[in-house]
Amino acid sequence: MNNSDSGRYRFSDEHPFHPVRLELTEDLLSKCDAIDNDQVAPSFSMEETERIIRAIHRSDYIDCVIDLSTDSPSDDAIKQAIRYGLEEDGDTPYFPGMHESAVAISAGSIAAADAVMSGRAEHALHLAGGLHHAFPDRASGFCVYNDAAAAISYIREKYNARVLYIDTDVHHGDGVQWFFYTDPEVFTLSIHETGKFLFPGSGFPHERGDSSGYGACLNISMEPYTEDDSWLACFNQAVEHAARSFRPDIIVSQHGCDAHAYDPLAHIHCSMRIYREMPKIIHRLADRYTQGKWVALGGGGYDHWRVVPRAWGMLWLEMNEHPLLASIDSEPNGGLLPEQWPDISSDKADGPLPKTWLDDVASWTPMPRRKEISEKNKANLEIALQHIG
């Protein structure tokens, strides 16, 4: 687990992408006695990280990011900000220290990848990572540098390993997909709400890769108001198909947790159940296909208090096969959260905080059109799988 310097990546106190999510998650895991200092991966060279970032991002874009990261950006950089997706009133506004903190996030993801590929660890998690929307020439969707693409590029360059990238964020993992769209050695798989209704407006079943990378890209496009059963059925079938046909050497997964019904930025109606089950499914794939090699990153998730800490907490517990999982899997609604959590003030929380790991879905109002939604999801998956493997 490596989240050093993550708190410096902060747009503003009001911005939805806020590092309080990390603090709440680490506080929850600490209260469960589930983390210790021996599990922190060694840091990775910032100089080497800069080199990798310059290999995947355009130099003019990086130079503008550096300028906009100072306390007094130049007039030219401010004029160019909109061109690079960093306008002051946009989704990804520039801020002091932006370059340094974005590099630090990439360094954490590369450190996690190196820990696994070198054999020092079987699994590694970097929750501050997962900035999957950044493109070679611009920022997008709260993401400045694409740390997932940087980590994958490092794995390819140093270890020549085949990488299966699995993206569970409710928003399509567009940046990572386009970085490797023609690369047959990197398979990108994304499950997300359909781009017909949600940012970034991509990730449709016909996007399958190009040139020699055709067939190494799989998009599972889900209808609004999809619930747990349909989401998990499509996810399970897709990742099994991808792993069986691609035979990866390592899995890199992105764990945005914004497909939950409480999330304010999307329209999917899933519960905490999918955030217990998806890491379990990925763990099984890693055991079967990659000799356990698995790197997990964070991502989106904008119900900071009720959803993100539980989802990321269960991800960490699964990666470590923690004994607490037995009670989560057997007790009603997953069993109780620690009474003393959180230590952080909850006066900004949206409503009362949860008391159990999983949700009491029996109390939720059933979604109308459930059968129709599930059938559309199944049909989209069948289209996407036609040219895979």
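Strand S2 (residues 163-167) is largely enclosed by the rest of the structure, because 5 of its 5 residues are buried. Buried means under 20% relative accessible area, exposed means over 50%, and partly exposed lies in between, with a 1.4 Å probe and protein chains only. This is a predicted model, in which local features need pLDDT of at least 70 and side-chain atom pairs count only at pLDDT 80 or more, while totals for chains, interfaces and linings use all residues. Residues are numbered from 1 along each chain as its sequence is written, and side-chain values use heavy atoms, with hydrogens and water left out. Strands (E, at least two residues) and helices (H or I, at least four) are DSSP runs, numbered from the N terminus.

- S2 runs parallel to S3 and is joined to S3 by 5 bridges; two strands pair if DSSP finds at least two bridges between them.
- The bridge partner of leucine 164 in S5 is isoleucine 251.
- A right-handed β-α-β unit is made by S2, helix H7 (residues 174-179) and S3; a crossover is right-handed if, with the strands pointing away from the viewer, the path from the first strand over the helix to the second runs clockwise.

**Strand S6 and its partners**

- Strand S6 (residues 294-297) is covered on both faces: Trp294 and Ala296 on one side, and Val295 and Leu297 on the other, are all buried.
- Strand S5 (residues 250-254) runs parallel to S6, and 4 bridges join them.
- Within that pairing, alanine 296 in S6 has serine 253 opposite.
- Strand S1 (residues 123-126) likewise pairs with S6 in the parallel sense, over 4 bridges.
- Tryptophan 294 in S6 is the bridge partner of histidine 123.
- S5, helix H9 (residues 273-289) and S6 form a right-handed β-α-β unit.

- Histidine 192 belongs to strand S3 and counts as buried because its relative accessibility is 0%.
- A polar atom of the histidine 192 side chain lies 2.7 Å from the backbone oxygen of glycine 203.
- Not counting residues up to four places away in sequence, histidine 192 touches several residues, including Asp169, His171, His172, Asn219, Ser221 and Trp231; contact means heavy atoms within 4.5 Å.
- Proline 205 lies in the loop between strand S3 (186-193) and strand S4 (217-222).
- Proline 205 has 11% relative accessibility and therefore counts as buried.
- With residues up to four places away in sequence left out, proline 205 touches Asn219, Ser221, Asn380, Ile383 and Ala384.
- From proline 205 to aspartate 347 the separation is 142 residues in sequence and 42 Å in space, C-alpha to C-alpha.

**Aspartate 114**

- Aspartate 114 is in helix H5 (residues 98-117).
- Its relative accessibility is 10%, so aspartate 114 counts as buried.
- Apart from its neighbours within four places in sequence, aspartate 114 is in contact with Arg120, Tyr154, Lys158 and Tyr159.

**Aromatic rings**

- The structure holds 14 aromatic pairs; rings of Phe, Tyr and Trp (its six-membered ring) pair if their centres lie within 6.5 Å, and planes under 30 degrees apart count as stacked, over 60 as edge-to-face and the rest as tilted.
- One of these is the edge-to-face pair of tyrosine 9 and phenylalanine 11, at 5.3 Å centre to centre and 75° between the planes.
- Tyrosine 9 and phenylalanine 11 are both buried.
- Tryptophan 178 and tyrosine 181 make a tilted pair, with 4.2 Å centre to centre and 55° between the planes.
- Tryptophan 178 counts as partly exposed because its relative accessibility is 36%, whereas tyrosine 181 is buried, with a relative accessible area of 14%.
- Tyr9, Phe11, Phe17, Phe95, Phe142 and Tyr302 are linked into a cluster by ring pairs.

**Charges over rings**

- Arginine 138 has its charged end over the ring of phenylalanine 135, 4.2 Å from the ring centre; a charge sits over a ring if NZ of Lys or CZ of Arg is within 6 Å of the ring centre and within 35 degrees of the ring normal.
- Arginine 162 lies over the face of phenylalanine 246, at 4.0 Å from the ring centre.

Technical notes: A polar contact is a pair of N or O atoms within 3.5 Å; within protein, one must be able to donate a hydrogen and the other to accept it, and residues adjacent in sequence count only if both atoms are side-chain atoms.
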